[in-house]
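Dear colleague,

I am passing on the structure below, followed by an account of what turned up when I went through it.

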Amino acid sequence: MKLVAKTDIGNQRTENQDSYRAGRMPGGTVWAVVCDGMGGARGGKLASSMACAGMEEAFRAGIGAVKNSADAAAFLRAAINYTNTAVYNKSLTSPAVRGMGTTVVCAIVKSNAVQYAHVGDSRIYLFHKKALFQLTKDHSMVQELIEQGTITEEESYSHPQKNLITRALGVSQDVQPDCGEVALSDGDVLLLCSDGLSNYVTADEIVEVLEHVPFYEMADALVEKALQAGGLDNITVLLVGVEQPEEEKNG
């Protein structure tokens with residue numbers, strides 16, 4: 001497994017409230033997390049950094065017990081709930097951070113599958129055989145309007161409520177993540193990102209980068225595209241390149 005990531009404050013923000021973490025465990029399993037804080041001066045940066053730290057703690061302590069997809073889904077839900085409680089309790093300690101929250105998208109990646117979970121509008125994409133698939137569905141007001149048929153996908157990009165999310169980690173005692181699992185092939189690329197990328201870079205532009213740019217240059221190239229397109233938000237991209245162990249290739 002290969003890993004590369006980049007985060008950028010963007011062209012307009014005065015603070016980067018995105019956070020990310022990733023790690024490789026014995027046996028080759030990789031875990032990855034991207035969070036996009038919300039709450040402005042009231043603690044968006046604190047919420048996202050706490051969430052990433054909490055998820056890392058959970059992964060390092062418990063990922064070894066994950067043996068199958070059912071284990072993975074239960075583990076991801078438990079990790080997100082554990083982290084939600086920590087962020088929520090912290091938000092109650094001071095009026096300055098009350099109401100803070102964050103998105104979260106996270107994944108457990110093995111050579112033949114990825115298990116993932118998310119809350120909010122940060123996304124995970126799979127690049128497979130020169131095609132891009134969005135694995136997550138945004139928890140956002142605009143996504144609900146699209147599903148109701150009120151607006152089109154194209155209209156969503158300029159909708160005034162584009163930044164309103166309907167679920168976030170840390171804003172209440174309970175959180176409801178969505179989970180999923182997808183098979184992987186050698187050469188696939190997983191992209192975890194904040195909406196600072198997905199709001200400014202089209203799927204076709206992402207494909208162009210993932211198809212033609214060397215892996216360890218992909219994060220820089222994607223962030224640069226978002227900056228050139230306006231880049232008014234923080235931008236974070238984290239990529240996992242899938243490489244099967246030699247025994248699996250030869251088996």
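A compact globule of 251 residues would have a radius of gyration near 18 Å, and the protein has 17 Å, which agrees; this radius is taken over C-alpha atoms, and the globule rule is 2.2 Å times the number of residues to the power 0.38. Please bear in mind that this is a predicted model, in which local features need pLDDT of at least 70 and side-chain atom pairs count only at pLDDT 80 or more, while totals for chains, interfaces and linings use all residues. Residues are numbered from 1 along each chain as its sequence is written, and side-chain values use heavy atoms, with hydrogens and water left out.

Along its principal axes the C-alpha trace spans about 55 × 40 × 35 Å, and the protein holds 8 helices and 11 strands (DSSP runs numbered from the N terminus, H or I of at least four residues for helices and E of at least two for strands). Of the contacts (heavy atoms within 4.5 Å) with a separation of 6 or more, 71% are between residues 24 or more positions apart. Buried residues make up 50% of the 251, where buried means under 20% relative accessible area, exposed over 50%, and partly exposed in between, with a 1.4 Å probe and protein chains only.

Leaving aside residues up to four places away in sequence, C106 touches, among others, M55, F59, L76, I80 and L192.

The loop between α1 and α2 contains G64, which counts as exposed because its relative accessibility is 54%. G64 lies 35 residues from T29 in sequence, with 9.3 Å between their C-alpha atoms.

Strand β3 (residues 30-38) also matters for the last topic, as it gives the most residues, 3, to the lining of the largest pocket. A pocket here is an open set of points, on a 1 Å grid over the protein atoms alone, where a 1.4 Å probe fits, with protein on both sides within 12 Å along at least five of seven lines, and lining residues have an atom within 4 Å of a point. Among the 16 residues that line this pocket, R13, D36, G37, M38 and D233 are the closest to its centre.

With kind regards
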